[in-house]
Amino acid sequence: MPETVGTVIHSARLVDGGDVREGAWVRFEGGRVAAVGTGDTWNSAGQQHPHDTIVDASGSWLTPGFIDIHGHGGGGASYDEGAAQILTARALHRAHGTTRAVISLVAAPLAQLEARVALAAELRAEHPDILGSHLEGPFLDPGHKGAHDESLLRDPDEAAIERLIGAAAGTLRQVTIAPELPGGMAAVAQLRAAGVVPAIGHTDADFSGAQAAIDAGAGILTHAFNAMRGLHHREPGPVAAATRDPRLVLELIADGVHVHPEVVRMVFASAPGRVALVTDAMAAAGASDGHYDLGSLGVDVVAGVARLSDGGAIAGSTLTQDAALRWCVETAGIELPAVVAALTETPARAIGRGDDLGRLLPGFAADAVLLDDALRVTGVWCDGARVA
């Protein structure tokens, strides 16, 4: 039997680029979007091939594939624990619509981090859904350590950063850093010069300190409001610096635990087109309550909320991105196109992949999610192939 030439998904409500297009269709070929249109033009000469797979969306929502630039695991597996665990967690999140993800790693000794970013680079060569790695530690403020082992935190220095960049072989996407640490501003500039996006996070930086870090090259605010100074009317802190500066993308964890829905609404309104929804998910995402490890620390998950066994600090989430989508629409009252952008084109742009990921446009990666009227995933395509 002849091989399938491509895939056509038609009769969909396409949510992309801030708009909704009724009766839309897309055609995938060779892992890329070959064409996009509306109506019956998908069936016209030059669009459909005899052996295409045809999917009738029957009015379902169709979006670009979700992109998570900050997550630590899922399906009972942690990204810090090796290749098999990474692939297990990715399978869980892929089934929930996250077609591409950055592998986030918690604080660890430098040699271990080198090995882990090198492994992420190896996996990326074989698995297109893995975009590279994100170091959330060790260059963090001990006073805002969150779910990181304080004994493993350190000030940044040029040699350590060069070792990590070298081990990642061009796949280190993001490094969270407290810019007020000794050597912090120089590290921000060093990372930016190497093509890595510095992210302000786990920090005691105030408004002016965050502004200085943005000027030095920071491009992301790691999980806004969490592990940083709050938004105060006389001391606005790093969130206010981020919302006012168009150079920065703000991560938000939309799980109803990390940030109040009214604050989520406020951030979407204050920084339109610059919110990236992230899961910050740990191993319990898509798995049961119980005891887990996050790096060197124990975590207890009760009623879907992860907290450190020692001290009770929030320790990541059990979120999947489709759940974040529903929560933002149903609870925070954000319009669907804005939420979809925060799951797709904005995170792609934040890590320098806005030219080929996060949209359903000709030439872009053939990543897509089909959702029913309740915004539940009914189909996922990654690199043009339908996945479980």
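The model you are looking at is a predicted one. Helix α4 covers residues 184-193 and helix α5 covers residues 207-216.

**Helices α4 and α5**

- Because angles under 35 degrees count as roughly parallel, α4 is roughly parallel to α5.
- On the α4 side, the contact is made by Met 185, Val 188 and Ala 189.
- On the α5 side, the contributing residues are Gly 209, Ala 212, Ala 213 and Ala 216.
- Sorted by class, the residues of this α4 and α5 contact are six nonpolar, one polar and no charged.

**Helices α3 and α4**

- Helix α4 also meets α3, with the two axes coming within 10 Å and crossing at roughly 25°.
- That angle makes α3 roughly parallel to α4.
- The crossing of α3 past α4 is right-handed.
- Helix α3 brings Glu 158, Ile 161, Glu 162 and Ile 165 to this contact, while α4 brings Ala 187, Gln 190 and Leu 191.
- What classes of residue make up the contact of α3 with α4? There are four nonpolar, one polar and two charged residues.

**Helices α2 and α3**

- Helix α2 spans residues 110-126 and packs against α3 at an angle of about 25°, with 7 Å between the axes.
- The two helices, α2 and α3, are therefore roughly parallel to each other.
- Their crossing, that of α2 and α3, is right-handed.
- From α2, the residues in contact are Leu 110, Ala 111, Leu 113, Glu 114, Val 117, Ala 118 and Ala 121.
- From α3, they are Ala 160, Arg 163, Leu 164, Ala 167 and Ala 168.
- By class, the contact of α2 with α3 holds 10 nonpolar residues, two charged residues and no polar ones.

**His 72**

- You can find His 72 in the loop that runs between β6 (66-71) and β7 (73-74).
- Is His 72 buried or exposed? With a relative accessible area of 3%, His 72 is buried, because anything under 20% counts that way.
- Its side chain, that of His 72, makes a polar contact with the side chain of His 70 at 3.3 Å.
- Leaving aside residues up to four places away in sequence, His 72 touches a set of residues that includes Ala 77, Tyr 79, Ser 104, Glu 136, Asp 280, Met 282 and Leu 294.

**Thr 279**

- Thr 279 sits in the loop between β15 (275-277) and β16 (290-294).
- Thr 279 has 0% relative accessibility and so counts as buried.
- Among the residues Thr 279 touches are Asp 68, His 70, Gly 71, Ile 253 and Thr 320, with residues up to four places away in sequence not counted.
- The C-alpha atoms of Thr 279 and Glu 345 are separated by 16 Å, and these two residues are 66 residues apart along the chain.

**Asp 322**

- Asp 322 belongs to helix α8, which covers residues 321-330.
- A relative accessibility of 4% places Asp 322 in the buried class.
- The side chains of Asp 322 and Thr 320 make a polar contact at 2.6 Å.
- Not counting residues up to four places away in sequence, Asp 322 touches Phe 66, His 96 and Val 377.

**Backbone geometry to look for**

- Where is the cis peptide bond that has an omega of about 20°? It joins Gly 137 and Pro 138.
- Pro 138 is located in the loop between β10 (130-135) and α3 (158-168).
- Ser 11 is not a glycine, yet it has a positive phi of about 60°.
- Strand β1, made of residues 7-16, contains Ser 11.
- With a relative accessible area of 31%, Ser 11 is partly exposed.
- Phe 225 is another residue that is not a glycine but has a positive phi, here of about 85°.
- Look for Phe 225 in the loop between β13 (220-221) and α6 (237-244).

Key:
Residues are numbered from 1 along each chain as its sequence is written. This is a predicted model: local features need pLDDT of at least 70, side-chain atom pairs count only at pLDDT 80 or more; totals for chains, interfaces and linings use all residues. Side-chain values use heavy atoms; hydrogens and water are left out. Helices (H or I, at least four residues) and strands (E, at least two) are DSSP runs, numbered from the N terminus. Buried means under 20% relative accessible area, exposed over 50%, partly exposed in between (1.4 Å probe, protein chains only). A polar contact is a pair of N or O atoms within 3.5 Å; within protein, one must be able to donate a hydrogen and the other to accept it, and residues adjacent in sequence count only if both atoms are side-chain atoms. Contact means heavy atoms within 4.5 Å. Axes are lines fitted to C-alpha atoms, for helices over the stretch in contact, and angles run from 0 to 180 degrees between N-to-C directions. Angles under 35 degrees count as roughly parallel, over 145 as roughly antiparallel, 65 to 115 as roughly perpendicular and the rest as oblique. Ala, Val, Leu, Ile, Met, Phe, Trp, Tyr, Cys and Pro count as nonpolar, Asp, Glu, Lys and Arg as charged, and the others, Gly among them, as polar. A crossing is left-handed if the near helix is turned anticlockwise from the far one by less than a right angle, and right-handed if clockwise.
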